[in-house]
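Please look at the sequence and the model shown here before reading on.

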Amino acid sequence: MRLFSIFKEIVINVLKGPSTRKYPMEKREPFPGVRGKLSIEEDKCIYCGACARKCPTKAIQVKRQPEKEWRFERFRCILCGYCVEVCPKKCLSFKDRLEK
Amino acid sequence: MSMLVPFGPQHPVLPEPLQLRLEISDEQVISAVPVIGYVHRGLEKLAEQKDFVQDVFLLERVCGICSFIHSMTYCMGIEEMMSLSVPPRANYLRVVWSELHRMHSHLLALGLLADSFGFENLFYQLWRVREHVMDAMEYTSGARVMLGTCCIGGVRKDINKEQADFVLRKLSDVEKELRTLTPVLLEDYSVKVRLVGVGRLDPKQALTDGAVGPTLRGSGVSYDFRSTGYAAYRELEFSPVVEKGGDCYARTKVRINEVYQSISLVRRALGHLPDSELKTPLKGNPSGEVAVRAEQPRGEVLYYLRANGTDKLDRIRVRTPTFANIAPLLHMIKGCALADVAMIILSIDPCISCTER
Amino acid sequence: MLKVTEELELGNLHEKIASLIPRGYRFVTMTAVDAVDHFDIFYHFDLQFELNTFLLKLPKEQSLPSISHICFAALLVENEIQDLFGITVTDLVIDYKKSFILAQDAPVKPFCKVPGVGVSVLEKTAEGEKK
């Protein structure tokens, strides 16, 4: 009959210290390729509207008249990456971090 | 003299809202009636208003614990309708991500089961083991839960040598830590007293009630849809994990052994990745109707799709495994003590957001 | 492609389904699709990893007899079809009376091609017109 078999793990964990990081004093470096925030290079954009048509949540709006405009609602974005694939000029990309 | 006691929808032990109206007499349960509908989002109707490529992203978000396998099953259905063949490297990568999802789902379920009988320390330790698996998924695909890597015709991202080595290192960490925790869950006296003999389901009743997944395999029936060999499972010889006993202890043992089996499947898949392109190009719109199945961590999922030649589908029907496991749950609960109800519910691993979509 | 094993009629539904269970078929699920002038009800059964599907074409405004006394697993699916498509299902073992998955003030039969309207919406429109 085994009793208290978790006791050894508890002693090891107490001696090792906490496993959590003291955020925001210490931050972890994000892994490369993490989908953080969508960003656009405005000079390359030709306002074709392909990204607005393909977005599943309609977070991007593109207008050509009366003046050229590319608008993005950040809270509607689900970070799927469909617009990044479809853009003909490859001016959309994901930044690593969510905060900046 | 019987009393009606509602269990849920807000209960500290349940991960998602589910109500069971229990009729009890003197601490023993006589019958139970389930009431669901607290998280119904109408996703099947919403999917008819978006086109069939945007539906991959929508159907990934049906559930947060088994999300990759939902999108993979939908892509398998559309590929069968349009007669597309998936390249071999994409099949192996789909198996790698499916098995990583299976591991993280089983570790989550085991942690919640330990929490239900008050063993919070084991709950935290199992979820700390799960963090290694989440890091492996984030490094290879860019996100922790909603991977977004499956697409119609193959996969969108590749796993290069450096990422594969990272995943293998994380898997050996998972195996080492799980080997120290397995005897606590399976051989400790206080855990066995709570789990053995509770919630019995005999094999004939399990088959007529429509049970699937570890609920069925814990009762001695050897049924696992991965043995039909979809994706790359035929080349990676696979045999199901079965336990006799039919109680909560047998289902827990099935889940732990499946985690070890998934670790060895991922190691074999990453060791034999073939060289080919990642996806076949897509032309035109689907038409016809098709029904496909796959094996999720909780059981077998069925997708029925009907299309009419335009870019929007006519009907998408999803039958998730927890929906099928609620009927045997009503038979398992009869006759148990009131203190055991939480354990029996968590031993079928309820995922109510899958049930109600 | 989906291969329909057999087409059923309302008259022989119960005998056909009752003859499948002793032969080892396992109930998987039911699907309801709104074809414009009738409902297509599919019964999916599984035998040794092969999916067998049975089709029943139900005219609109007709009620569906339940199979939950033969096959307990069909109980929840039939209640859901009752809620979402507005089909009346008779002889259910546990009948939730159209509030299984939808709330009390939700729209009626939302999954049909022409969804119904909720009662509270109608009352508000009437009040707005009176003013």
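How many helices and strands are there in chain B? The model is a predicted one, and chain B has 13 helices and eight strands in it. Its radius of gyration is 21 Å, close to the 21 Å that the globule rule gives for 357 residues, so chain B is as compact as a globular protein of that length.

| Property of chain B | Value |
|---|---|
| Span of the C-alpha trace along the principal axes | about 65 × 45 × 35 Å |
| Buried share of the 357 residues | 55% |
| Share joining residues at least 24 apart, among contacts between residues at least 6 apart in sequence | 69% |

The largest nonpolar core holds 142 residues, and B:Cys75 and B:Val96 have the most contacts inside it. Helix H4 (residues 88-116) of chain B supplies the largest share of this core, with 15 residues. Another core, of five residues, lies apart from it; A:Cys55, A:Ile60, A:Cys83 and A:Leu92 are among its members. As for B:Cys75, once its neighbours within four places in sequence are left aside, this residue is in contact with B:Val56, B:Cys150, B:Cys151 and B:Ile152.

In chain A, strand E2 (residues 60-63) pairs with strand E3 (residues 69-72) in the antiparallel sense, over four bridges. Which residue in E3(A) is the bridge partner of A:Lys63? That partner is A:Glu69. E2(A) and E3(A) form a hairpin, with five residues between the two strands.

Terms used
Residues numbered from 1 in each chain as written. Chains lettered and ligands numbered in written order. Predicted model: local features only at pLDDT ≥ 70, side-chain atom pairs only at ≥ 80, totals over all residues. Pairing = 2+ DSSP bridges. Core = buried A, V, L, I, M, F, W, Y, C linked by C-beta atoms within 7 Å. Buried ≥ 20, exposed ≤ 12 C-beta atoms within 10 Å, placed from the backbone. Contact = placed C-beta atoms within 7 Å. Rg over C-alpha atoms; globule rule 2.2 N^0.38 Å.
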